[in-house]
Amino acid sequence: MIGAMRDVIVAANWKMHTTPADAGELASTIASRTREAGVIRVICPPFVCLQAVAQAVADDDPPVAVGAQNIHHELVGAYTGEVSAPMLAGLATWVILGHSERRRDAGETDELIGLKLGRAVDAGLRPILCVGEQLADREAGRAGGVVDEQLAGALERHDPTALAGAGLVIAYEPVWAIGTGRNARGADASAMADGIRASLEQRGWGSRAADVPVLYGGSVTSTNIDEFLAEPAIDGALVGGASLKPDEVAGIVARAGMTARARGGAR
Ligand code: PEP
């Protein structure tokens, strides 16, 4: 499947790293070292660092987008410690949803993630929906089925036109590859990207499924990014650990710039 018209995206998931005192400097260092035409750069710091990062990258060109790592599924109310989508106005324009660490640590279900997806779209946030199988699922040949179920659970009740209009991005992140230093094979990630689009196509998306960017995530580095971006079905990366290291991000975004140029999207 040729992804000529799809966005090329490198999204940094800083997880629970950085403070308001140091996040801005890290963001501006990364921004200054990753100015690649045609690549959408997204930095997702902890909530408390959103403002520092947004200020630090405000004038960067091409623009750097700022994203949150989560939102609550309600808009307002007695939910101690939570942050709702409308509260991110002026701070973030993207949001990561359904990361496997939240599925694991906060018990997030596909249904709950689906509710958050609706809140993200209503608030004008561009969602990155994370899906991915456990190692046992892959070893048992169930990876495709698990990801299909995750998509079905999160996307049911959502109008494909609204999600496509919001720029839905899917991040394929095999759980066994996250933070382990053991990345998936490019060919397997590519096959999953095809499977993800086939799943969307069958669930009412029709030909719009071909326009949905699919990122790979799981121990991506500047050394292995080529394996993924050599695959036409893969449109970029969601990067965790390496996204805190400017040298690494520079290498990853430089490789993404090659993909953007090859696709004719870089200007
Ligand atoms: C992630 O946090 O989404 C991720 C892929 O982490 P890492 O790159 O560290 O595996």
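Let's start at the ligand. A backbone N or O atom of Gly179 lies 2.6 Å from one of the ligand's oxygen atoms. That is a polar contact, meaning a pair of N or O atoms within 3.5 Å; within protein, one must be able to donate a hydrogen and the other to accept it, and residues adjacent in sequence count only if both atoms are side-chain atoms.

A word on the source. This is a predicted model, where local features need pLDDT of at least 70, side-chain atom pairs count only at pLDDT 80 or more, and totals for chains, interfaces and linings use all residues. Residues are numbered from 1 along each chain as its sequence is written, and side-chain values use heavy atoms, with hydrogens and water left out.

Back to the ligand. A polar backbone atom of Ser219 is 2.7 Å from a ligand oxygen. For Gly241, a polar backbone atom is 2.8 Å from a ligand oxygen.

Lys15 sits in the loop between strand S1 (8–13) and helix H1 (23–32). Helices (H or I, at least four residues) and strands (E, at least two) are DSSP runs, numbered from the N terminus. Thr18 is in the loop between S1 and H1. Thr18 has a positive phi of about 80° and is not a glycine either.

Next, a cis peptide bond. It joins Asp61 and Pro62, with omega about 0°. Pro62 is in the loop between helix H2 (50–57) and strand S3 (64–68). Why point these out? Because most residues other than glycine have a negative phi, and most peptide bonds are trans.

Now the helices. The axes of H6 (residues 143–155) and H8 (residues 186–205) come within 10 Å and cross at roughly 40°. Axes are lines fitted to C-alpha atoms, for helices over the stretch in contact, and angles run from 0 to 180 degrees between N-to-C directions. That makes H6 oblique to H8. Under 35 degrees counts as roughly parallel, over 145 as roughly antiparallel, 65 to 115 as roughly perpendicular, and the rest as oblique.

Helix H4 (residues 110–122) also meets H6. Their axes come within 7 Å and cross at roughly 50°. H4 and H6 are therefore oblique to each other. In contact (heavy atoms within 4.5 Å) are residues including Ile113 and Leu117 in H4, and Ala154 and Leu155 in H6.
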